4 protein chains.
Amino acid sequence: MATRVSHNAYGKHRVRISKVRRPRQAPPNAERHELVEVAVDVELQGDFEAAFTHGDNRQVIATDTCKNTLYVLAKDHPIDSVESFGRAVAEHFLGRYAHVEQVDVRLVEQVWDRLAGSDHSFVAAQKMTPTAAVTHRRGESPAVVGGLERLTIAKTTESGFVDFHRDEFRTLADTTDRILATEMTAAWRYSAAEADYAAARESIVAALLERFTDHYSHSVQETLYLMAGAALAACADIGQITLTMPNKHHLLANLAPFDRENENEVFVVTDEPFGYITATVDRE
Amino acid sequence: MATRVSHNAYGKHRVRISKVRRPRQAPPNAERHELVEVAVDVELQGDFEAAFTHGDNRQVIATDTCKNTLYVLAKDHPIDSVESFGRAVAEHFLGRYAHVEQVDVRLVEQVWDRLAGSDHSFVAAQKMTPTAAVTHRRGESPAVVGGLERLTIAKTTESGFVDFHRDEFRTLADTTDRILATEMTAAWRYSAAEADYAAARESIVAALLERFTDHYSHSVQETLYLMAGAALAACADIGQITLTMPNKHHLLANLAPFDRENENEVFVVTDEPFGYITATVDRE
Amino acid sequence: MATRVSHNAYGKHRVRISKVRRPRQAPPNAERHELVEVAVDVELQGDFEAAFTHGDNRQVIATDTCKNTLYVLAKDHPIDSVESFGRAVAEHFLGRYAHVEQVDVRLVEQVWDRLAGSDHSFVAAQKMTPTAAVTHRRGESPAVVGGLERLTIAKTTESGFVDFHRDEFRTLADTTDRILATEMTAAWRYSAAEADYAAARESIVAALLERFTDHYSHSVQETLYLMAGAALAACADIGQITLTMPNKHHLLANLAPFDRENENEVFVVTDEPFGYITATVDRE
Amino acid sequence: MATRVSHNAYGKHRVRISKVRRPRQAPPNAERHELVEVAVDVELQGDFEAAFTHGDNRQVIATDTCKNTLYVLAKDHPIDSVESFGRAVAEHFLGRYAHVEQVDVRLVEQVWDRLAGSDHSFVAAQKMTPTAAVTHRRGESPAVVGGLERLTIAKTTESGFVDFHRDEFRTLADTTDRILATEMTAAWRYSAAEADYAAARESIVAALLERFTDHYSHSVQETLYLMAGAALAACADIGQITLTMPNKHHLLANLAPFDRENENEVFVVTDEPFGYITATVDRE
């Protein structure tokens with residue numbers, strides 16, 4: 001039976017790196033540290049088929065070597081943003097190995113916030129996880145996507161859901177006042193060849209959060225669309241944004257059997273099942 | 001600023017259903033139960049854009065309604081395989097709602113094995129998780145993919161890795177005897193319009209495991225390719241298989257400082273970082 | 001063979017409740033919401049043995065009833081602190097059921113921070129998880145323990161570890177400059193019958209963080225002891241504190257093979273194995 | 001303010017070790033491997049207070065040294081059972097270090113089953129996780145506890161719950177036919193100074209599963225008590241067993257709105273909230 005490898009990729013995942021930036025400055029900030037932590041996945045495509053089909057490893061850059069490389073690059077690069085470090089990783093592998101055709105880098109940052117008043121003490125912040133993905137194909141410009149995970153936000157009012165499709169399987173009632181809660185994931189695609197990724201992220205996140213707050217929501221769908229539009233308006237360097245907003249249901253507790261009226265006060269919090277809503281919005 | 005929704009999808013995820021099949025048979029097996037459990041994600045695409053752009057929910061089948069529907073379908077369908085139940089779910093939504101253009105269903109099964117000698121007691125088996133994914137676009141045949149997750153397998157010898165690429169970042173030595181361990185994910189695409197999904201799964205898994213065992217492995221890549229070929233050879237109904245085999249490293253413990261020789265006996269088990277290898281192999 | 005139940009307990013775990021506090025105030029803050037979320041475990045001990053030994057359920061308050069009760073109590077109580085809500089839960093079960101001898105309540109809070117400028121939008125904060133545990137035995141005062149989980153903190157310098165025990169299994173070298181990182185758990189025991197739990201928590205956390213920062217650490221042990229002492233000094237209402245400080249290792253990456261000197265800049269982040277240090281410190 | 005360390009302990013957690021037993025036998029089984037994997041926590045108590053109170057590390061056996069030691073002991077010991085390896089670890093630390101007063105060892109095994117027909121290929125089994133805990137205090141006999149985690153079992157009938165306590169918070173109806181499902185944890189305490197731990201485990205698990213199946217259950221409590229008694233009857237070497245049986249609810253789906261009768265066939269599977277039942281049963 002004849003077979004053929006139609007696609008292959010390999011690399012190292014979950015290479016976790018922390019870096020202390022130790023700027024030697026003049027006093028009084030002679031040693032004011034910064035701490036950055038990132039987990040990196042790197043994947044290679046290229047002339048690797050003989051390893052699969054003939055047990056010939058000569059072209060295979062060991063995943064252990066990939067890992068070594070990431071630590072070296074972490075030394076040489078400031079890691080001022082996950083996007084820029086991802087680009088440097090991709091460029092390195094394309095530049096160093098002629099038989100690599102495509103590099104995919106995915107990065108997840110652990111943000112460390114400075115503890116008040118300290119030059120070298122930090123607390124891990126977890127209310128939002130910055131992410132980046134860089135795809136770099138030989139001979140093309142790198143495609144850079146910034147993003148975030150685990151931004152959990154809620155509106156305790158100014159949210160309803162009415163007049164949705166009626167059929168024999170519908171049991172949910174219309175409501176004009178509910179909790180809307182979501183654990184949002186976002187990914188924005190840069191159209192500009194170069195950008196100030198950190199400044200872009202800051203303006204996009206601010207726009208997303210402000211828009212989440214400022215309107216009465218007729219549905220997760222509508223709120224998602226408004227937030228996506230606000231992000232595109234806030235940052236000229238991006239041309240597209242995908243938001244995924246699972247509906248983390250807070251269900252009104254039924255207190256009627258216990259002679260209490262629940263005036264939208266007490267809710268049952270559930271993880272599953274959950275509504276799932278995603279859309280990609282483009283600048284026209 | 002003008003924007004446009006270039007893609008959208010929504011639905012209900014993690015709808016977890018258990019079903020007791022209670023065949024009313026003649027004695028002595030008058031009530032020999034079977035227990036099946038599945039978690040279902042269903043996603044819809046179609047004429048839903050007005051909900052995003054105009055807060056108009058009239059076309060939106062609530063995700064709560066999707067959930068209700070899945071429980072009703074679980075009642076009406078035998079759930080004899082995750083693939084067939086996934087097809088039934090997709091067909092239902094296309095058939096019932098003219099404004100739905102595409103249905104995606106993903107299913108993850110929790111296998112329950114019968115406890116010896118019992119008609120109605122079971123133990124949750126977890127050495128491999130069956131999965132299925134069905135994509136059904138209006139006017140087309142459903143695309144059915146069977147698969148599995150969390151099949152963790154190891155070879156304690158008959159595995160090496162030598163003669164791989166040498167460069168300034170390589171520190172890993174050649175080895176002709178190592179542990180090869182992986183937590184495999186597989187996904188096989190049916191080319192036949194109809195198939196006995198359960199029988200196909202059984203023959204594919206048997207072929208994967210037998211091939212994993214029967215050869216000296218020059219790399220994860222080679223073993224992956226051989227296993228994929230064996231699966232395609234074992235089941236004529238599939239035309240393509242994707243295997244993902246992260247390398248769950250068991251690293252030889254360094255006992256030299258303690259005056260012990262480690263004859264490939266004691267290993268440090270690590271989860272991360274890990275080598276990641278994936279390929280898709282097609283029947284030609 | 002004779003057997004005897006020497007201990008038993010039961011209840012409902014992971015009852016997740018969110019509550020919107022909707023204070024009806026005068027304008028302009030007519031409806032300035034607060035959102036509190038808590039997961040509660042409640043366990044009962046008492047005259048329940050017949051259920052085990054004779055299948056007699058008459059004394060068994062169903063765990064479903066326990067769950068109902070928690071939602072009712074969430075309606076009736078302001079949930080101004082996890083400690084006070086835990087006390088109310090314990091008191092309710094002892095007061096309502098004469099055959100309950102002991103109630104144990106454990107609570108884990110999900111903190112929601114207000115989004116800037118909004119009366120009713122919130123973001124889930126996760127840099128520290130407040131906890132509480134109340135044990136209330138009939139005829140005794142409740143024992144109240146406040147605490148926290150998942151406070152992940154790091155010092156990038158001002159930490160060393162030297163002159164520790166030398167023996168034939170030691171390979172770790174002395175170091176006078178390393179990263180000290182930990183994911184701390186704390187539990188403080190109230191000696192006062194009544195306390196302002198929220199104010200106490202605030203002063204304890206502030207003292208823990210300030211002490212973490214302000215000294216050169218000779219070991220996790222020493223830092224733990226100093227932090228515990230600072231917490232006891234900061235809050236007269238507690239008599240004992242237990243700190244658990246797993247050592248989340250950031251290991252210096254070895255860049256020597258790649259002709260780079262690693263001046264305490266690049267580290268390998270690992271989750272396991274990890275050093276584990278715990279101590280309980282009492283006020284004398 | 002005077003403070004005092006009332007308790008302290010430290011050690012290394014999550015030391016994950018795999019060991020290949022390579023018995024050099026006569027052909028045809030010249031090299032029939034066995035693969036064992038275990039994660040070990042070791043904790044020490046003793047004369048360590050000066051590290052906390054005076055930054056004096058001279059008595060501190062580094063947790064890195066503890067880790068080294070575990071790998072050396074894994075080389076020297078057959079790891080024929082988690083209990084026996086735990087005892088060897090405890091004895092080593094007490095024997096080697098005069099200033100250690102108590103050693104606590106906790107072990108969690110990853111079982112690897114042989115792939116059919118292979119001398120050296122294995123699949124990770126996960127339907128039950130063996131555990132052990134050894135507490136060894138200087139001058140006393142070691143206390144050995146065998147156990148298991150994650151044994152998920154279900155009865156699809158022969159289980160009911162009726163006549164439980166009635167009060168104003170009860171809404172759950174009596175039922176004489178329900179699914180009883182649990183993810184059981186067990187811990188049995190050896191009274192014998194020496195025992196064949198592997199044989200004991202086998203007979204205890206067989207007794208637990210057989211008893212789970214063989215009766216009509218009036219409650220989780222009753223079934224727990226019967227199972228505990230069966231384990232004590234099956235193994236004379238143990239004097240006490242603790243079973244924890246969270247009630248993993250499979251709730252009957254309400255299909256009435258959809259004109260279907262649910263004859264105990266379709267269930268909603270939930271993880272939380274969950275009923276929690278535990279008891280310790282002693283041999284009299």
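What does A:Asp259 count as, buried or exposed?

A: A:Asp259 counts as exposed, because its relative accessibility is 76%. The cut-offs are as follows: buried is under 20% relative accessible area, exposed is over 50%, and partly exposed lies in between, with a 1.4 Å probe and protein chains only. This is a predicted model, where local features need pLDDT of at least 70, side-chain atom pairs count only at pLDDT 80 or more, and totals for chains, interfaces and linings use all residues. Residues are numbered from 1 along each chain as its sequence is written, chains are lettered from A and ligands numbered from 1 in the order in which they are written, and side-chain values use heavy atoms, with hydrogens and water left out.

A:Asp259 sits in the loop between β9 (250–252) and β10 of chain A. Helices (H or I, at least four residues) and strands (E, at least two) are DSSP runs, numbered from the N terminus. The backbone deserves a look too. A:Asp259 is not a glycine, yet its phi is positive, about 60 degrees.

B:Arg14 also has a positive phi, near 55 degrees, and is a residue other than glycine. B:Arg14 lies in strand β1 of chain B. Its relative accessible area is 31%, so B:Arg14 is partly exposed.

Back in chain A, follow the next loop. A:Pro273 lies between β10 (266–269) and β11. The bond joining A:Glu272 and A:Pro273 is a cis peptide, with omega about -10 degrees. In chain D, the peptide bond from D:Glu272 to D:Pro273 is cis, with omega near -5 degrees. D:Pro273 is in the loop between β11 and β12 (274–283) of chain D.

Now a buried loop residue. A:His33 lies between β1 (3–21) and β2 (34–46) of chain A. With a relative accessible area of 1%, A:His33 counts as buried. Contact means heavy atoms within 4.5 Å. Beyond its neighbours within four places in sequence, A:His33 contacts residues including A:Arg22, A:Arg114, A:Asp119 and A:His120. C:Thr156 and C:Thr157, from chain C, are among its contacts as well.

Chain A is the wider setting. It has five helices and 11 strands. Its radius of gyration, 24 Å, is well over the 19 Å from the globule rule for 284 residues, so chain A is more spread out than a compact globule. That radius is taken over C-alpha atoms; the rule is 2.2 Å times the number of residues to the power 0.38. The C-alpha trace spans about 75 × 70 × 40 Å along its principal axes. Of the 284 residues, 60% count as buried. For contacts between residues at least 6 apart in sequence, 63% join residues at least 24 apart.

One helix of chain B ties several chains together in this account. Helix α2 (residues 63–76) of chain B has 14 residues, and 12 of them are buried. B:Cys66, B:Leu70 and B:Leu73 are among the buried ones. The buried residues of α2(B) pack against β11 (274–283) of chain A and β11 (266–269) of chain D. Within chain B, they pack against β1 (3–21), β2 (34–46) and α3 (82–96).

Key: Expected span 1.5 Å × (residues − 1).
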